[in-house]
Amino acid sequence: MTTTAQPDFQPVEMPHLDRLSDMAAHYANPSSVLSWGGRVRMIAAGYYTVSGLSRHVRLGEFVSHQSATGTHMGEVVRVEPDLIYVCPIEPGAPIGVDDLVLRAGEFRLAPSDSWCGRTINSLCKPIDGKGPLREGAIKRSINTLPPPSMTRRRVDTSFRTGVKAIDIFAPICYGQRLGIFAGSGVGKSTLLSMLAKADAFDRVVITLVGERGREVREFIEDTLGDNVAKAVIVVTTSDESPMLRKMAPLVGMTIAEHFRDQGQNVLFIADSVTRFAHAIREVAIAAGEPPVARGYPASVFTELPRLLERAGPGIEGSGTITAIISILVDGDNHNDPIADSTRGILDGHIVLDRALADEGRYPPVNPLSSISRLARKAWTTDQERLVSRLKGLISVYEETKDLRLIGGYRPGADPDLDMAVKQVPIIYDVLKQSPGDAAVIDAYTELANALKASLSNTNRPMPAGKR
């Protein structure tokens, strides 16, 4: 019986299976990035629209705009079924209809200890002329969430800032969030420069939002001094785009979180949060969001707590971020929307009074209006009693100012007023301090010595020729 030879089996060619295999390998590789493209459809002041990307991008992600002059970044601020709205990152970037726009994903940075002593912009590009930055091992989103409230360490340790008015009347603890409220030209930046010199921190992260370009080098070179070696400075000037001004505090806070997670105590300084709110307002209004409070849209009051809640103590075993931020009050009105909203989020506020600045008392800290919600964790029992007594004397002294000016004050009629008239001017003199003065280690001792000296001079008998 003869058998017929069977032909060898030949697999059917299925190129579409190969394509599916390649796509599966692409998605299995976490380092691969898939980009989608769209086209510019409309260009307006402050934003432009793109078609073809609505199904592939999310709010807050970045896109890459390809133009004849190069690649320019933008952030997605609004998503519609057929269009997305993009705010360009760089002011004056050339944009044309039908230009190609690619999805770039979320903005991330990789902070490193080598960034200390460097000055960067909101895109984490060095602007100090010291060469490129070395990236760290972990990339972080600039929009991370704060640690869960029940996992955070408790705030229980205070430190000395070296500024007498604050150390006595509104002491600060590690992990506290403190605001400096003042009108323009009263001395916010000067006080921040004094606080930046505190030696109580392992790292300092300073964010200058919408700052005058002329003052950047002065702040870094003259103010920080030796502390610049442990500081990272994020700078955006007033002429830069609202997107860059909006990103600056987020980038600074992300860098501070990097150091906090290493177990270090970090000082985060932002000057100012008001300009951060102004940048959010510009971006939101360009995206079509309506204003709800004195021209501010609702997203401003959503973004402020998102940023500020990221500061504070970390989880057990990590470090802390002590945030000191400045708030520019509109027309010296301390109840404007930004000041009022921020004050409710923070753990204390320092009020700078223009009247005190006009009198030449610097820093012009108003001890009666300034509050630290964590002061009792810093004061001893005796110190708390002393501060309460001092505030009482200052209150009596200020309330009777007009009465004393018209000659209505009679010594001996009110013992508290007599003491206030004698001691409050001495207290004011002790609190005076300039940025060039050395930091005071123990403000209470200096105040006590000054008051004792005044009492001894009062009780000393006058020479016969002077009677």
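**Exercise 1. Is Arg294 buried or exposed, and what stands out about its backbone?**

Solution. Keep in mind that you're working with a predicted model.

- Step 1: Get the number for Arg294, which is 58% relative accessibility.
- Step 2: Compare it with the cut-off. Exposed means over 50%, so Arg294 counts as exposed.
- Step 3: Find Arg294 in the fold. You'll see it in the loop between β16 (291-293) and β17 (296-297).
- Step 4: Check the backbone. Phi of Arg294 is near 50 degrees, which is a positive value in a residue that isn't glycine.

**Exercise 2. Where does Cys124 sit, and is it buried or exposed?**

Solution. 

- Step 1: Look in the loop between β8 (119-120) and β9 (140-141), and there's Cys124.
- Step 2: Cys124 has a positive value of about 60 degrees, although it's not a glycine.
- Step 3: Now the surface. The relative accessible area of Cys124 is 13%. Buried means under 20%, so Cys124 is buried.

**Exercise 3. How many disulfides does the structure hold?**

Solution. 

- Step 1: Set the cut-off, which is a pair of cysteine sulfur atoms within 2.5 Å.
- Step 2: Search the whole structure with it. You come back with zero disulfides.
- Step 3: Look at another cysteine while you're at it. Cys173 has 0% relative accessibility, so this residue counts as buried.

**Exercise 4. Which residues is Thr49 in contact with, once you leave aside its neighbours within four places in sequence?**

Solution. 

- Step 1: Check its surface. With 2% relative accessibility, Thr49 is buried, because that value is under the 20% cut-off.
- Step 2: List the partners. On one stretch of chain, Thr49 touches Arg39, Val40, Arg41 and Met42, and on another it touches Leu83, Ile84 and Tyr85.

**Exercise 5. What lines the largest cavity?**

Solution. 

- Step 1: Count cavities of 30 Å³ or more. You get one.
- Step 2: Read off the space in the largest cavity, about 80 Å³.
- Step 3: Name some lining residues. Tyr362 and Pro363 from the previous exercise are among them, and so are Ala165, Leu356, Arg361 and Tyr428.
- Step 4: Sort the lining by type: eight residues are nonpolar, none are polar and two are charged.
- Step 5: Ask which domains take part. Domain 2 (109-378) and domain 3 (382-458) each give at least three residues to this lining.

**Exercise 6. Which element gives the largest share of the lining of the largest pocket?**

Solution. 

- Step 1: Start with the space. The largest pocket holds about 630 Å³.
- Step 2: Look at the lining, which has 26 residues; Leu59, Glu75, Lys246, Glu303 and Arg306 lie nearest the centre.
- Step 3: Find the top contributor. That's α7, with five residues.
- Step 4: Sort by type. You have 14 nonpolar, five polar and seven charged residues.
- Step 5: Check the domains. Domain 1 (35-106) and domain 2 (109-378) each supply at least three lining residues.

**Exercise 7. How many helices and strands does the protein have, and what share of its residues is buried?**

Solution. 

- Step 1: Count the elements: 13 helices and 21 strands.
- Step 2: Take the 467 residues of the protein; 48% of them are buried.
- Step 3: Look at contacts between residues at least 6 apart in sequence. Of these, 71% join residues at least 24 apart.
- Step 4: Leu386 and Phe169 are 217 residues apart along the chain, and their C-alpha atoms are separated by 10.0 Å.

How values were computed:
Residues are numbered from 1 along each chain as its sequence is written. This is a predicted model: local features need pLDDT of at least 70, side-chain atom pairs count only at pLDDT 80 or more; totals for chains, interfaces and linings use all residues. Side-chain values use heavy atoms; hydrogens and water are left out. Buried means under 20% relative accessible area, exposed over 50%, partly exposed in between (1.4 Å probe, protein chains only). On a 1 Å grid over the protein atoms alone, a cavity is a set of points where a 1.4 Å probe fits but cannot get out, and a pocket is an open set with protein on both sides within 12 Å along at least five of seven lines; lining residues have an atom within 4 Å of a point. Grid points are joined across faces, edges and corners, and a volume is the space filled by probe spheres set on the points. Helices (H or I, at least four residues) and strands (E, at least two) are DSSP runs, numbered from the N terminus. Ala, Val, Leu, Ile, Met, Phe, Trp, Tyr, Cys and Pro count as nonpolar, Asp, Glu, Lys and Arg as charged, and the others, Gly among them, as polar. Domain bounds come from an automatic or database domain assignment. Contact means heavy atoms within 4.5 Å.
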